Amino acid sequence: MNTTYTDPADAIAHDPMNEPVVPPADLVASELPADSNIPLNSWQSVRSRFPHGINWVVAGWLAVMHAGAVAALFYFTWAGFFTFLALHFVTACLGVTLGYHRLFSHGSFKVVPPLKYFFAMCGMLSAEGSPAFWVATHRKHHALSDQEGDPHSPLHGFWWSHLLWLQPKKTNEEVTAMLKRWAPDIWKDPGHRIMHYLYPVILVGSGVALYLAGEYLMGGIGLSVLLWGLCMRMTVVYHGTWCVNSATHVWGYRNYKTRDQSRNLWWVALLAYGEGWHNNHHAYQRLAIHGHRWWELDITYRVIWLLKKLHLASGVQDQLPTR
Ligand SMILES: [Zn+2]
Ligand SMILES: [Zn+2]
């Protein structure tokens, strides 16, 4: 039966292509602000989001990566720079935008298990959290976009949505509850569960491997390869991903009238392999293709298209809406 909606946002919300993988949860009491009269972007509101203080491991890691990125400028080598470029593509495109986002969070296509874990491994090397953590956070963002409970909305302040949202400390019970609620399919997968617990080891191991490769395989430039391949690369990838959460909910144009503040922003699309066409994505979240107009370059979709041609991806959701 075809239902006609007078409000375009209603039509989009009820489109089968917009079905979330996990249905939206009702807001639970702990996610509501203590005092709803407090403006969302006030200092008081931001401070109330740190009930257990600061996660110093995350804050320290991000500080060291940014310091390392500055130091990398003084240790430039071409081998280090090409390591940066290659690992940027592998971790940000294959890992985060293709793997964590379109494959795991939205089920926009399917791949065989070895490839699934390969993309998961690429994503973990971006140091944006385990697949289960990333997927749970992201699905919650779609379910509660720009409302109370959205993990990273600019309505709570631009810097909150860019990187401050990562800083509050969470108890193990809170994290596990979030993973079970928002990423049950990922959490019950034994391979993903192992990856979740091995995540810190894999990250530190990747740094050691980069240093040793630079030192012994590239002629004694271990420090340069470490600074460019790890610190500079992670810092640039972080800001690319974070801009999708912050900038594309603030600046840009809208192709679709959605209930959130999502926008399409060309420079974020370039920085994050097509993820900057964020209004298109919020309107049709299960679509593998985020660039809906001919000029909206979407490199991640081009990789998915290639995987499909090579018979390595199936069930690719790539039929653009006709309206
Ligand atoms: Zn968004
Ligand atoms: Zn998404």
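R49 sits in the loop between α2 (43-47) and α3 (56-72). The model is predicted. In this model, R49 has 13 C-beta neighbours inside 10 Å, and therefore counts as partly exposed. A residue is called exposed at 12 or fewer such neighbours, and buried at 20 or more. R49 also pairs in space with a residue from another part of the sequence. R49 and P168 are 119 residues apart along the sequence, yet their C-alpha atoms are 6.9 Å apart.

The overall make-up of the protein was then examined. The protein contains 14 helices and two strands. It has 323 residues, of which 39% count as buried. Contacts between residues at least 6 apart in sequence were also sorted by separation. Of these contacts, 68% join residues at least 24 apart.

Next comes the nonpolar core. The largest such core has 60 residues. Within it, A132, V135 and A183 have the most contacts. Helix α11 (residues 222-245) gives the most to this core, contributing 13 residues. V135 touches Y100, F104, S105, A183 and I186, leaving aside residues up to four places away in sequence.

Helix α11 packs against helix α4 (residues 78-105). Their axes come within 8 Å and cross at roughly 40°. That angle makes α4 oblique to α11. The crossing of α4 past α11 is right-handed. By class, the residues of this contact divide into twelve nonpolar, eight polar and one charged. On the α4 side, the residues include F81, F84, L87 and V96. On the α11 side, W228, M232, R233 and V236 are among them.

Helix α10 (residues 190-216) also packs against α11. Here the angle is about 140°, and the axes are 7 Å apart. Angles over 145 degrees would count as roughly antiparallel. The two helices are therefore oblique to each other. α10 passes α11 in a right-handed crossing. The contact of α10 with α11 has seven nonpolar, six polar and one charged residues. From α10, the contact includes L210, Y211, L212 and E215. From α11, it includes G222, L226 and L230.

Conventions
Residues are numbered from 1 along each chain as its sequence is written. Chains are lettered from A and ligands numbered from 1 in the order in which they are written. This is a predicted model: local features need pLDDT of at least 70, side-chain atom pairs count only at pLDDT 80 or more; totals for chains, interfaces and linings use all residues. A nonpolar core is a set of buried Ala, Val, Leu, Ile, Met, Phe, Trp, Tyr and Cys residues joined through C-beta atoms within 7 Å. Helices (H or I, at least four residues) and strands (E, at least two) are DSSP runs, numbered from the N terminus. Two residues are in contact if their C-beta atoms, placed from the backbone, lie within 7 Å. Axes are lines fitted to C-alpha atoms, for helices over the stretch in contact, and angles run from 0 to 180 degrees between N-to-C directions. Angles under 35 degrees count as roughly parallel, over 145 as roughly antiparallel, 65 to 115 as roughly perpendicular and the rest as oblique. A crossing is left-handed if the near helix is turned anticlockwise from the far one by less than a right angle, and right-handed if clockwise. Ala, Val, Leu, Ile, Met, Phe, Trp, Tyr, Cys and Pro count as nonpolar, Asp, Glu, Lys and Arg as charged, and the others, Gly among them, as polar.
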